[in-house]
Amino acid sequence: MARQDWNAREPRGDYTQLEDAKGVKVHYTGGWVDPRVVADHAGCVDLVRSIQRYHMDVNGWIDIGYCVDEKTEILTRQGWKSYRELRAGDIALTLNHETGMSQWQPVLEVCVFPAMEREMIRMEGVCHSSLTTPHHRWPVERYRRRTGTGRRRGDDGKWLRTGKAKRTVTSHERLWVTTETLGYRDRIPIAAPCADLPAEPKWSDAFVELVAWFWTEGHVKRTRAGVSSGVTICQSLKSPWHLMRIRAALHAVFGPSVDRFPRQGRATDGIPRWREATNDDLVEFHLSVDAGRRLIEVAPGRVPAFDFLLSLSQSQLGLFIETSMAADKNGQWTLSQKDRAAAEAFMFAVLLSGSGASLHRVHPRGDTKTEMWQVTIRRQQYFTPRPAAQHKTAAFAIQKETYNGPIWCPRTENESWLARRDGTVYFTGNTMIVCPHQKVFEGRGLHRLPAANGPGLNVGHYAVLGLVGESGLVEPPDGILHGILDAVEYLREEGFAGKEIKGHRDGYATECPGVHLYAWIRNGAPRPGVPVR
């Protein structure tokens with residue numbers, strides 16, 4: 001059901017309207033709530049429905065989530081993961097929306113909502129693919145425009161007409177919007193420079209370049225006993241500049257070339273060596289077992305390891321990407337590989353460098369007899385969905401559809417994460433996740449007086465209720481505290497409530513919201529796991 005329809009139901013009770021609320025008051029549930037009801041979210045749903053029948057005449061209380069569909073992935077330090085693979089504690093790439101820099105942060109929770117019929121919004125095209133709930137949050141940059149004339153007030157204090165003038169872009173601001181409120185001037189970041197790259201390089205530039213030549217143009221020798229550590233890098237005689245670069249890198253890392261390798265049998269003397277040979281129109285750079293082992297350690301199976309890429313400085317990432325593109329010879333902005341894992345590793349390096357990238361399967365065609373995986377480096381840092389959807393020639397659309405699968409969203413300290421769907425990549429926002437499972441239920445809805453104590457009381461505040469029971473002696477789980485704060489943030493961001501967070505007892509003679517919840521409120525309602533500043 002669409003969110004705009006939740007409040008459209010005809011209420012059985014005559015609810016008093018609530019406008020311009022000062023903030024939120026926190027409550028606990030009436031009656032005893034065994035904290036072990038948390039063992040199954042279905043128990044929370046049953047409890048909420050019983051409250052619904054008593055207080056709200058069967059109006060509202062729908063299990064909600066502001067999330068993405070199951071095809072959407074998240075980038076972690078181990079690569080892309082689905083919601084089934086993701087765990088709390090995994091390190092994911094997030095966006096610091098204040099600085100515009102990306103950061104690695106732990107996933108605090110993975111919030112999954114069960115499959116059911118929902119209305120979702122699909123934004124689909126070659127450059128972007130997302131399927132989200134209408135209230136899913138996005139970090140965006142919005143252009144601020146103004147006329148060239150200055151504004152001034154008249155004697156009556158009202159603004160005077162200034163006439164028409166050319167509209168110019170003066171600046172942009174960062175803000176949060178939802179899928180359904182995404183504006184024409186809102187652009188979604190698809191890449192950001194990483195604030196966590198090493199300042200001091202771990203490897204020499206020559207070794208980084210050599211790894212790039214190895215994973216694109218090299219192969220590992222095979223023996224009767226299996227795969228050895230002997231490596232060969234090949235390059236055409238028609239590419240003299242590339243040959244010079246490979247020779248220089250090999251000389252810098254392993255020293256001068258040799259005429260032949262000493263015969264050691266299966267043993268080695270531990271000295272890395274390389275030699276050069278010509279084979280028809282190819283130059284073959286042969287590396288000894290000791291030299292080849294150093295490359296294989298950071299690119300096993302000729303797939304650059306994520307740990308290796310994470311250890312590169314900004315300039316070395318640029319060198320790795322430029323060399324790989326030069327070796328691949330697939331164009332200025334694309335790289336193609338048969339091995340998807342290798343293409344994924346290259347894409348990882350591009351995203352770390354601060355550039356956008358997409359990954360697509362290319363079916364056999366023309367001279368290419370096998371399936372390929374193509375990485376495209378995006379020249380833009382942002383994507384603007386609304387103008388793209390209105391462009392007459394663009395194959396991009398924004399439309400509502402019914403979705404019956406599960407939805408999910410992670411939670412991070414930066415309230416954002418790097419997502420991928422159908423090969424397209426972009427930064428998106430956290431879930432707005434009050435039960436111990438970090439699910440938020442909606443009661444009477446916006447602009448309506450809460451049920452607590454009837455009309456005439458709490459008229460200046462919305463109510464958020466935590467499922468902790470009447471005694472209030474049980475310390476609420478972190479999920480409840482996170483859920484309360486997420487509900488508060490939603491009310492504030494939408495402009496429905498002010499900054500106050502109080503307890504029910506602050507406006508009525510009651511023990512609600514209990515000892516622990518009230519102490520948490522008096523302490524400033526800090527978010528669990530976030531240091532108090």
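Good morning. The model is predicted, so local features need pLDDT of at least 70 and side-chain atom pairs count only at pLDDT 80 or more, while totals for chains, interfaces and linings use all residues. Residues are numbered from 1 along each chain as its sequence is written, and side-chain values use heavy atoms, with hydrogens and water left out.

I begin with helix α3, residues 205-217. Helices here are DSSP runs of H or I with at least four residues, strands are runs of E with at least two, and both are numbered from the N terminus. Helix α3 has 13 residues and reaches 18 Å from its first C-alpha to its last, close to the 18 Å expected at 1.5 Å a residue. That expected span is 1.5 Å times one less than the number of residues in the helix. Eleven of the 13 residues of α3 are buried, so this helix is largely enclosed by the rest of the structure. Buried means under 20% relative accessible area, exposed means over 50%, and partly exposed lies in between, with a 1.4 Å probe and protein chains only. Among the buried residues of α3 are Glu 209, Trp 213 and Trp 215.

How do the axes of α3 and α5 cross? The axis of α3 and that of helix α5, residues 289-298, come within 10 Å and cross at roughly 80°. The axes are lines fitted to C-alpha atoms, for helices over the stretch in contact, and angles run from 0 to 180 degrees between N-to-C directions. The two helices are therefore roughly perpendicular to each other. For that term the angle must be 65 to 115 degrees; under 35 counts as roughly parallel, over 145 as roughly antiparallel, and the rest as oblique. On the α3 side, the contact is made by Phe 207, Leu 210, Val 211 and Phe 214, and on the α5 side by Arg 294, Leu 295, Ile 296 and Val 298. Contact means heavy atoms within 4.5 Å. By class, the contact of α3 with α5 has seven nonpolar, no polar and one charged residues. Here Ala, Val, Leu, Ile, Met, Phe, Trp, Tyr, Cys and Pro count as nonpolar, Asp, Glu, Lys and Arg as charged, and the others, Gly among them, as polar.

Next, please find Ser 324 in helix α7, residues 314-328. Is Ser 324 buried or exposed? At 0% relative accessibility, Ser 324 counts as buried. Its side chain reaches the backbone oxygen of Phe 320 at 2.8 Å. Leaving aside residues up to four places away in sequence, Ser 324 touches Ala 212, Trp 215, Thr 216, Leu 335 and Phe 346. Of these, Ala 212, Trp 215 and Thr 216 are buried residues of α3, and Phe 346 is a buried residue of α8.

That brings us to helix α8, residues 340-353. Helix α8 has 14 residues and spans 20 Å from first C-alpha to last, close to the 20 Å expected. Twelve of its 14 residues are buried, so α8 is largely enclosed by the rest of the structure. At the start of α8, a side-chain oxygen of Asp 339 reaches to within 3.0 Å of the backbone nitrogen of Ala 341. Just after α8, Gly 354 takes a positive phi of about 105°.

Two further residues have a positive phi. Most residues other than glycine have a negative phi. Asp 280, however, has a phi near 55°, and lies in the loop between β16 (274-279) and β17 (282-287). At 68% relative accessibility, Asp 280 counts as exposed. Ala 525 has a phi near 50° and lies in the segment after α11 (515-522). Ala 525 is buried, with a relative accessible area of 8%.

I turn now to strand β9, residues 118-124, where Arg 122 is found. Arg 122 is buried, with a relative accessible area of 18%. What does the side chain of Arg 122 make a polar contact with? Its partner is the side chain of Glu 401, at 2.6 Å. A polar contact is a pair of N or O atoms within 3.5 Å; within protein, one must be able to donate a hydrogen and the other to accept it, and residues adjacent in sequence count only if both atoms are side-chain atoms.

Finally, Pro 410 lies in strand β23, residues 407-411, and is buried at 0% relative accessibility. Pro 410 and Cys 111 are 299 residues apart in sequence, yet 5.9 Å apart in space, C-alpha to C-alpha. Thank you.
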